[in-house]
Amino acid sequence: MLAFIIRRVLQSALVLLIVGLTAFSMFRFVGDPVDNMLGQERTAQDIERLREQLGLDQSFPVQYYKFLSEAAQGNFGVSYRQGRPVAEILLERAPATLELAAVSGLLAIALGIAFGVFTAIRRNGFLANFIMSASLIGVSLPTFLIGILLIYVFSVELGWLPSFGRGETVQIGFWSTGLLTASGLKALILPSITLGLYQMTLIMRLVRSEMLEVLRQDYIRFARARGLRDRAINFRHALKNTMVPVITVIGLQVGAIIAFAIITETVFQWPGVGLLFINAVQFVDIPVMAAYLMLISVMFVGINLIVDILYFFIDPRLRVDRAGGH
Amino acid sequence: MTDMPIKDAPQKVVEQSRLRVFLDSDVFYMFKKSPVAVISTIIFASLVLSALFAPLIAPTNPFDPASLNLMNGFTGPMTPNAFTGESFFLGTDDQGRDVFSTILYGMRVSLFVGVAAVLLAMVIGITLGLISGYVGGWTETIIMRTADVQLTFPSILVAMLIFGVAKGITPVEYRDQMAIWVLILAIGLSDWVQFARVVRGATMVEKRKEYVEAARLIGRTPYAIMLRHILPNVLSPVLVIATISLALAIIAEATLSFLGVGAPATQPSLGTLIRIGQGFLFSGEWWILLFPAVTLLTLALSVNLLGDWLRDALNPRLR
């Protein structure tokens, strides 16, 4: 088992090294960094100094090593467009994205499980069928159209909710939060629905199919024979046993939520990391793109690693398979 | 001269019988029996045709400044303009461009990018899948590991990164011109993994069969065996993935263009049109946004339904 974990950790490290190499090559070879950082008025001395400062006069492996060790210490260089350290900009933008992702994740989990259980218990009910068909439409609509639709209904026609921005925020240390003001909470509603809708339908469908599977088992029939209440059977006996695959999917979707935040943040002009990234792509701000790539890969690879290891603990069959396979 | 008919005749016979074979096949029979498949094919085909013949169908050429009249701006659908009295089927945008025409031209860009990106992904995926399935060893490890790494990230994110890097490499003055090609490259490169995985799996099964053994024994080169013998036998799952990929590629293109990292305003796709239309949502000109969005949805949905049907039809276990 230890061998499996070590192998997975090594694999993840290799992936991160490759991603780091990609990020570094982007920084080094897309356009000339010296050109990008110095203005029109520059002397040969300026160029020479900057080249030395950036270490461009050294060999490729040395440069790569330096780039990685700098990045590991949180130094991602200076944004071409804003002229400020990338790490500083990222830190300033991160709370907005993390709050949005957390709220939409919680929304997706809570509603997904609730709807999933409901549609499984009332399998042939009118409302359950309606929810299932509505979820199909929700899946086939692209995220940005869902966002626009919500803006049209709730901001333009009804005028209930703001269509862009975070509302008022409160500064706590370096963290600016929108969760403590009324306007901040109101501004959060539409973006988090937009972002979490896909994950919600995913969780809902998974919970439903797992529940249907479990409800057929003998121990549920036995529980009914014992005269337990429906509520106790459905939630204590059935739902508990559907949770293993659901937790795995939730884990894997965390990364997807952060990535798709790019689209939601653009629709709602939400001042988070995703909007920063898309602006960086528009203006070819390579240091920001490279930093975003590295941050998000650390997250993705980390989550994958944790889910794999968790799986290993949860499902004993996997242990036998892996041991036999390799 | 006398050779010609003799040469042509057998070919014609073959072609006719091929059509016969197709019309008599199970797949075509199932197609006729499935209303969803027939309807989505009709919708998809008519959208493709109207995109292809956009210059003939479109009432105006929206990208010819001479044909535009700013006075026609913001004309509602089916209502005559207050100043010029002209009427437009789906209304006009802020610059007086006919929305119906921009949609036809926009659909051209969307479909072109979608199809070209899927073709690119297919070529890359099939090549790498065949090689890694047939050759195996280190080559396979490297290719499939790369695929695994790429699969860790959502493909839309990969496409954005490739788009950004490619944009950085192209000189500033060519950026707008090259945007469409960069878009194709970005979506194509972000989508090859599915093809490679499926082709590799199928190739590994096929390569142990006797006909491949026989081809090897008579001395055919590995190149010929892969292309002429194995490839035709692994194509049916590829076809299914290609159809579903096309729907995804069209959506991906629209998303990228909507985000402003895709088709430029000079060559708008449906996504770009939606991006433009979003700006008029608050001022009440809903038609500039609604019609491109509905077109995009219809297009993506018809391809998706077709892909779903094809997957079931070509899956022998479901028959």
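Reader: How far apart are the end C-alpha atoms of helix α4 (residues 60-72) of chain A?

Author: The model is predicted: local features need pLDDT of at least 70, side-chain atom pairs count only at pLDDT 80 or more, and totals for chains, interfaces and linings use all residues. Residues are numbered from 1 along each chain as its sequence is written, while chains are lettered from A and ligands numbered from 1 in the order in which they are written. Helices are DSSP runs of H or I with at least four residues, strands are runs of E with at least two, both numbered from the N terminus, and the expected span of a helix is 1.5 Å times one less than its number of residues. For the 13 residues of α4(A) that gives 18 Å, and the distance between the end C-alpha atoms agrees: 18 Å.

Reader: Which residue just after α4(A) takes a positive phi?

Author: Look just past the end of α4(A). Phi is about 85 degrees there, at A:Gly74.

Reader: How many helices and strands does chain A have?

Author: The C-alpha trace of chain A spans about 85 × 60 × 35 Å along its principal axes. Its secondary structure comes to 13 helices and 2 strands.

Reader: What share of the residues in chain A is buried?

Author: A residue is buried if 20 or more other C-beta atoms, placed from the backbone, lie within 10 Å of its own, exposed if 12 or fewer, and partly exposed in between. Chain A has 326 residues, and the buried share is 35%.

Reader: What share of the contacts in chain A with a separation of 6 or more joins residues 24 or more positions apart?

Author: Contact means that two C-beta atoms, placed from the backbone, lie within 7 Å. Among contacts with a separation of 6 or more, the share from residues 24 or more positions apart is 70%.

Reader: At what angle do helix α5 (residues 86-121) and α6 of chain A pack?

Author: Two packed helices are described by the angle between their axes and the distance between the axes. Axes are lines fitted to C-alpha atoms, for helices over the stretch in contact, and angles run from 0 to 180 degrees between N-to-C directions. The axes of α5(A) and α6(A) are 8 Å apart, and the angle is about 130 degrees.

Reader: Is α5(A) oblique or parallel to α6(A)?

Author: Angles under 35 degrees count as roughly parallel, over 145 as roughly antiparallel, 65 to 115 as roughly perpendicular and the rest as oblique. The angle here is about 130 degrees. That makes α5(A), relative to α6(A), oblique.

Reader: Which residues of α6(A) meet α5(A)?

Author: From α5(A) come A:Phe115, A:Phe118 and A:Thr119. Their partners in α6(A) are A:Ala128, A:Ile131 and A:Met132.

Reader: Is the crossing of α6(A) and α8(A) left-handed or right-handed?

Author: The axes of α6(A) (residues 126-140) and α8(A) (residues 182-215) come within 9 Å and cross at roughly 135 degrees. That makes α6(A) oblique to α8(A). A crossing is left-handed if the near helix is turned anticlockwise from the far one by less than a right angle, and right-handed if clockwise. This crossing is left-handed.

Reader: Which residues of α8(A) meet α6(A)?

Author: α6(A) contributes A:Ser135, A:Gly138 and A:Val139. In α8(A) they meet A:Leu197, A:Tyr198, A:Thr201, A:Met204 and A:Arg205.

Reader: Is A:Val284 buried or exposed?

Author: A:Val284 lies in the loop between α11 and α12 (286-314) of chain A. Its phi is positive, about 50 degrees, although it is not a glycine. With 22 other C-beta atoms within 10 Å, A:Val284 is buried.

Reader: Is A:Gln269 buried or exposed?

Author: A:Gln269 sits in the loop between α10 (230-267) and α11 (273-282) of chain A. A:Gln269 is not a glycine, yet has a positive phi of about 45 degrees. With 12 C-beta neighbours inside 10 Å, A:Gln269 counts as exposed.

Reader: Which helix gives the most to the side of chain B that touches chain A?

Author: 26 residues of chain B are in contact with 27 residues of chain A. α6 (137-152), α7 (155-169), α12 (235-259) and α14 (287-314) of chain B each supply at least two residues of that side of chain B. With 9 residues, the one that gives the most is α7(B).

Reader: Which residues does B:Ala252 touch, not counting residues up to four places away in sequence?

Author: B:Ala252 is found in helix α12 of chain B. B:Ala252 is buried, with 26 other C-beta atoms within 10 Å. The residues touched are B:Ile156, B:Ala159 and B:Ile187.
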